[in-house]
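Hi,

Here is the structure I promised to pass on.

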Amino acid sequence: MDTADVYRAFGRREARGAYRELAVAIAADPALIALIDALPQPKRQPNLVLAAVRFEGGPDTEEGGFRAWAREHWPRVERTVLARRTQTNEAGRCASLLPVLARIPGPLALVEVGASAGLCLQPDRYRYAYDARPAVGTGPVTLTCATEGDPPIPGALPEIAWRAGVDLAPIDVTDPEERRWLECLVWPGEDARRDRLRAALALAAGDPPRLVRGDAAEALPGLVEEAREHGTVVVYHSAMLPYLTPEARDRFVGLVTGLGVRWISNEGTMRLPGLVIPEGVVPGDRLVFVTALDGVPQAITDPHGSWLRWL
């Protein structure tokens, strides 16, 4: 797809609220699309450009004059786009991961790839509310998730003996500007997500996770070897594969599957084409994730963890 098609598809299939209309309007604005096209290809992502405008103080809606402001202040927007990455660190995804983690004998040693600020490295520090079931955990941040099927919701949180993450540009949870960038990646109008992000960041700041700066291909083998001393090693990632080329994705999958670890992937349906998904369970009109264990799909899930359909 060309850039206009990418923004149009983002507005129709993925975005919610004000971003739906805004993304489609950007796609129909040749002048703004030309500016975006001048960016390096990986930097043209809708989430990155939209967040950069907000980070620089611009409006976040079409009615507020987003496109005119972005064109007028493009050098500032471009500077932020080139300096930043899309690092939507959605703690709600832990609600998709928990039923899968619960199937793995513990204690667990977690290694997250594409960890951002590490908010998904602390699944044992949250409280989970699945439908009308008794809550799991007693943490100060509640993650709410509606379910279908019969997911194996555990009665207690898994024991996590060790944890670390790897990221090309880890987010420092104690840095106000880094936290503000993560807030700008939350879509406008999604106040509950913003509030959850703030609470999860505050929780992480009290006991910051270990985050290693580097490429997964270089850092992952060493982290896995270190993790083996502490428990069952689980390598996992959420919404990370869209930022890899198909060739890099295949190399990453080959690396993980060759390490002798348990592997949880939580990615869009097109990102791991080898996954066998039962016919008819993936809606065709919206973006959904497949949460898989060792390459076997376990659930169809909301990208932000608000619902899951157990397979």
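**What I found**

The chain has eleven helices and ten strands, taken as DSSP runs numbered from the N terminus (H or I, at least four residues, for helices; E, at least two, for strands). Its radius of gyration is 19 Å, close to the 19 Å from the globule rule for 311 residues, so the chain is as compact as a globular protein of that length. That radius is over C-alpha atoms, and the rule is 2.2 Å times the number of residues to the power 0.38.

Before you go further: this is a predicted model, where local features need pLDDT of at least 70, side-chain atom pairs count only at pLDDT 80 or more, and totals for chains, interfaces and linings use all residues. Numbering runs from 1 along each chain as its sequence is written, and side-chain values use heavy atoms, without hydrogens and water.

The C-alpha atoms fill a box of roughly 55 × 40 × 40 Å along the principal axes. Of the contacts (heavy atoms within 4.5 Å) with a separation of 6 or more, 70% join residues 24 or more positions apart.

Now for strand β10 (residues 307–310), which pairs with β3 (residues 142–148) in the parallel sense over three bridges; pairing takes at least two DSSP bridges. In that pair, alanine 146 sits opposite tryptophan 307. β10 also pairs with β9 (residues 296–301), antiparallel and again over three bridges, with isoleucine 300 opposite arginine 309. β9 and β10 make a hairpin with five residues between them, and glycine 305 in the turn has a positive phi of about 80°.

Cheers
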